[in-house]
Amino acid sequence: MPGLLLWGDTVRSAALRHEIPLAIISPLLFAEVDGRRVVLTSWLERDRVARVLPDAEVLDFFDFGWKDLVAGGMSFAEADRETVARVVRRIGIDEAVVPGDFPLALGDHLRDNGIVLTVDDDTVELRRRAKSVVELDGIRAAQRAAEAGMTAARELLARARQNDDGRLELDGKQLLAEDVRAALRTACAEHGAPCPPEVIVTSAWSGSGHEPGSGPLPSGLPVVVDIWPRHDESGCWADMTRTFVVGTPTAEHADEIADHTRVVRTALERAKAAIRPGISGGELFDLTCDLFESEGHLTQRTAQGEGEEEGFRSWLGHGVGLEVHEPPGLGPGGREALVAGDVLAIEPVLWSSRTGEVRLEDLVLVTEDGCETLTRFPYDIAPST
């Protein structure tokens, strides 16, 4: 009978963490066939798994001869593979779907034992597109931490002043991207969702793409702060971006910054208004390109190799959950239809080689008839305390 097989640990495998909402560092097997769920793990994890999956059958490696296999000369990995094969045969799976990152050696061993395996990432990914209650609670907690981090960044920038070189100073010292990053990471960690060290604090002076930015920050030019904390307890992520300008832009920059801020904010609101189950990520991306192009900006659809750093040259966004970047993708060719329960980061952006980047990013939950904005943070470009 066809089934589903997942192998690994729940710390590194989002697919497994969705099925078993616990942090388990040792490899285990999750199997499902005809609505029956089976977990093969060690006695160390057996009771924990049984508590969060009371309807699942929890099996122990030792009960299927693992110790005897090792005593007979097998390595631990070989004994794992043979034990998995014994369990799969026992529960009646002769054909199964697996994800693309399913271990090759384990797959070969199962096939040698007559199990037909089919790689199907779409099926595996779709299982966790609609977030569970535990995951939604974790995402919301991570988002509150992100907002605390953004508040810390905003307040630091609001206290800064311009020096004679057009750089920001705070308490008599240059304000660096590293200072802002340290403050926001501390705030996120205090709210139970630490940020990776490479979170973004960039400007036209330093940083682009996923480069985190470093060094002095400019007065009168956009400073982009992009935060993605991970909730400790659930393993779920959040993602948000705001753009700040400290001081008065020069006359040659002011109109461009104001225009980019207006258009990016409009793009964000129009994208959120269009979100509903059934629309694809590619359609949302095209709607955003339509707006930017109508305002005279380059997009991936219209750029002809010139001005590579101008306009809207990234995707509109991505899914967020047990991975900070996960399906569905909101970019060109994105065919995946949104489903109720998807959580999306929507992040329109305009880039200029003269003034830098203006980007706004909100986290939204797809509902039955639209979306709920999970991000609760103002869009004001001038930071305030």
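**Note on the fold and local geometry**

1. Trp-7 stands opposite Leu-29, a residue of strand S2. This pair belongs to an antiparallel pairing in which 5 bridges join S1 to S2. The coordinates discussed here are those of a predicted model, and every remark below should be read with that in mind.

2. S1 is mostly covered, with 6 of its 7 residues buried.

3. On the chain as a whole: DSSP runs give 10 helices and 19 strands. The C-alpha trace spans about 75 × 45 × 35 Å along its principal axes. Of the 385 residues, 54% count as buried. Among contacts with a sequence separation of 6 or more, 60% are between residues 24 or more positions apart.

4. An open sheet of 3 strands has the order S10-S11-S12, and its pairing is antiparallel. Strand S10 (200-202) and strand S12 (240-245) are the edge strands, each pairing on one side only. Neighbouring strands of the sheet are turned by 10° against each other on average, direction ignored. Between S10 and strand S11 (residues 222-227) there are 3 bridges, and Val-201 is placed opposite Val-225 of S11. Helix H7, residues 133-159, lies across S11 and S12 and runs at about 10° to S12.

5. Asp-34 has a positive phi of about 55° although it is not a glycine. Its place is in the loop between strand S2 (28-33) and strand S3 (36-41). Asp-171 likewise has a positive phi, near 55°, and lies in the loop between strand S8 (168-170) and strand S9 (173-174). Most residues other than glycine have a negative phi. Are these two side by side with solvent or covered, that is, exposed or buried? Asp-34 has a relative accessible area of 66%, over the 50% cut-off, and therefore counts as exposed. Asp-171, at 64% relative accessibility, is exposed as well.

6. A cis peptide bond joins Pro-327 and Pro-328, with omega about 5°. Pro-328 is placed in strand S14, residues 326-330.

7. Pro-328 is also one of the contacts of His-318, leaving aside neighbours within four places in sequence. His-318 sits in strand S13 (residues 317-319). With a relative accessible area of 8%, under the 20% cut-off, His-318 counts as buried. Its side chain makes a polar contact of 3.3 Å with the side chain of Glu-347. Other contacts of His-318 include Asp-239, His-325, Glu-326, Val-343 and Glu-361.

8. Helix H10 (residues 281-294) has 14 residues and reaches 20 Å from its first C-alpha to its last, close to the 20 Å expected at 1.5 Å a residue. Its buried residues are Gly-281, Gly-282, Leu-284, Phe-285, Thr-288, Cys-289, Leu-291 and Phe-292. The cover over these residues includes helix H9 (251-274), S14 and strand S16 (349-352). Just after H10, Gly-296 takes a positive phi of about 90°.

9. How many disulfides does the structure hold? The count is 0. A disulfide needs two cysteine sulfur atoms within 2.5 Å. The sulfur of Cys-236 is 15 Å from the closest cysteine sulfur, that of Cys-195, and so is too far for a bond. Cys-236 is buried, at 0% relative accessibility. Cys-289 is in no disulfide either, the nearest cysteine sulfur being that of Cys-371, 19 Å away. Cys-289 also counts as buried, with a relative accessibility of 0%, and it is among the buried residues of H10.

Definitions and conventions:
Residues are numbered from 1 along each chain as its sequence is written. This is a predicted model: local features need pLDDT of at least 70, side-chain atom pairs count only at pLDDT 80 or more; totals for chains, interfaces and linings use all residues. Side-chain values use heavy atoms; hydrogens and water are left out. Two strands pair if DSSP finds at least two bridges between them. Helices (H or I, at least four residues) and strands (E, at least two) are DSSP runs, numbered from the N terminus. Axes are lines fitted to C-alpha atoms, for helices over the stretch in contact, and angles run from 0 to 180 degrees between N-to-C directions. Contact means heavy atoms within 4.5 Å. Buried means under 20% relative accessible area, exposed over 50%, partly exposed in between (1.4 Å probe, protein chains only). A polar contact is a pair of N or O atoms within 3.5 Å; within protein, one must be able to donate a hydrogen and the other to accept it, and residues adjacent in sequence count only if both atoms are side-chain atoms. The expected span of a helix is 1.5 Å times one less than its number of residues.
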